[in-house]
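Welcome! Have the picture at hand as you read.

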Amino acid sequence: MPAPAPAARMALPITPRSSADAPAPRAESLYRSDVQFSTLGEIRRAGLAALDPDVADFLESGSGAELTLRANRAAFARRTIVPRPMHATASPDTSTSFLGIPLAAPILTAPFGGDALFHRDGHLAVARANAAHGIASIVPEAGSFSLEAIAEAAPAAARILQLHPIDPVEHVVGMSRRARRAGYGALCVTVDCPVGGWRTRNRENRFDPDLRHFAGNLDETGTIGVAELFGRLLDVDGARWDWARLREVAAEFELPWIAKGVLGADAAEQAIAAGASAIVVSNHGGRQLDHAPASLDVLPEVAEAVAGRVPIALDSGVRTGADVLLALALGADVVVLGRLTAYGLAAGGQHGVARTLELLTDELRTTMALAGVERLADLDARFVGGRPA
Ligand SMILES: Cc1cc2nc3c(=O)[nH]c(=O)nc-3n(C[C@H](O)[C@H](O)[C@H](O)COP(=O)(O)O)c2cc1C
Ligand SMILES: O=C(O)C(=O)c1ccccc1
């Protein structure tokens with residue numbers, strides 16, 4: 001058994017599963033891990049170490065042979081940032097806005113279901129951290145807490161509700177009404193989830209989580225139960241929606257909506273034609289269609305096709321401040337953070353997410369200064385070298 005933790009270690013921003021799992025103090029260490037996480041890598045390692053191995057696999061894994069999961073990182077690694085030397089950047093400014101939502105940094109947190117598997121406060125903690133940092137959450141439909149509870153946890157913060165286009169249609173429209181009543185500013189329709197991805201690691205682990213972690217929104221609607229929702233989401237015979245249907249249903253939303261899961265110019269056109277006010281270039285973090293292209297690789301052609309008609313968000317593989325700069329230089333207005341947010345949550349709840357946002361924003365400011373960029377609006381493809389796939 002480890003010795004009882006000294007008082008100073010009580011501030012450790014980790015929620016160990018039990019005191020036996022707490023890391024042993026390393027008094028001789030130059031870097032005092034009990035003070036504050038100092039890099040995003042430390043947060044990831046602490047977060048994954050705090051989880052059951054099967055839950056860590058649920059978080060980390062991709063689908064199929066995980067080719068798209070790896071392609072997302074490889075796409076960032078292939079790109080270079082070409083600096084503009086001797087360009088005064090006294091105070092790099094990371095502020096921007098997205099769909100009229102002011103943001104202190106070009107970041108939204110991603111919708112991820114099952115959030116209480118990572119930390120008991122789940123998206124409540126994410127919303128609180130985001131409010132303090134001045135950014136917005138995309139709240140998952142299949143999360144552990146109701147959209148109303150998340151709104152109450154951070155009343156002043158902007159928020160967007162993610163929805164799955166699944167039957168019955170009354171469920172989708174009902175959710176959109178609840179979002180509007182609870183002060184959500186937009187909806188985000190996930191268009192890359194006609195059925196669940198082929199989750200190899202979850203299958204091999206016989207991963208069988210308590211479905212209540214995904215059911216935070218379900219008891220109030222009455223139109224669909226958790227087993228039914230999962231059936232519709234994961235059943236291979238569940239794919240019954242097309243753009244025409246989405247356009248019709250979205251006409252009843254009374255909120256702007258974002259299409260999440262666009263990976264090419266055609267899909268971007270369809271989304272805009274269906275009435276989307278923004279798009280997320282995304283392959284769902286490599287969790288849906290394996291062999292799908294890296295989102296960074298298709299971003300330039302999507303941005304060219306969209307030609308400024310709607311704002312563009314990008315997710316899938318964003319892990320560093322330099323990644324954020326690259327995505328913005330290649331045409332994104334903001335990035336969306338899936339796993340980075342979940343690592344912070346697992347590592348320390350609200351404080352872990354807050355530290356994640358702080359470190360990512362600081363890294364972005366350093367990268368901007370080194371690249372010679374004072375404002376995000378100055379970023380364009382001239383700052384990017386290297387090659388796409
Ligand atoms: C554990 C987990 C659960 C997710 N659940 C959802 C979901 O319910 N709805 C959705 O649209 N996307 C979901 N996603 C995808 C994220 O919203 C996002 O697209 C992806 O994580 C971005 O890639 P990144 O993790 O590399 O940042 C989930 C991702 C993870 C890691
Ligand atoms: O795991 C996912 O990526 C995901 O999209 C999801 C959606 C609903 C329930 C659980 C996970």
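## Around ligand 2

Gly113, Gly114, Ala142, Cys193, Phe214, Leu233, His284 and Arg287 surround ligand 2, where a residue counts as near a molecule if its C-beta atom, placed from the backbone, lies within 6 Å of it. By class, this shell holds 4 nonpolar, 3 polar and 1 charged residue. Here Ala, Val, Leu, Ile, Met, Phe, Trp, Tyr, Cys and Pro count as nonpolar, Asp, Glu, Lys and Arg as charged, and the others, Gly among them, as polar.

This is a predicted model: local features need pLDDT of at least 70 and side-chain atom pairs count only at pLDDT 80 or more, while totals for chains, interfaces and linings use all residues. Residues are numbered from 1 along each chain as its sequence is written, and chains are lettered from A and ligands numbered from 1 in the order in which they are written.

## Around ligand 1

Ligand 1 has 24 residues around it, and the closest are Ala110, Phe112, Gly285, Gly338 and Arg339. Helix H2 (53-60) and helix H14 (339-371) are the elements that give two or more residues to this shell; helices (H or I, at least four residues) and strands (E, at least two) are DSSP runs, numbered from the N terminus. The shell around ligand 1 has 10 nonpolar, 10 polar and 4 charged residues.

## The barrel

Now for the strands: 8 of them close into a barrel, in the order E4-E5-E6-E7-E8-E9-E10-E11, with parallel pairing (two strands pair if DSSP finds at least two bridges between them). Strand E6 (residues 159-163) and strand E7 (residues 186-190) run parallel and are joined by 4 bridges. Leu163 has Val189 in E7 as its bridge partner.
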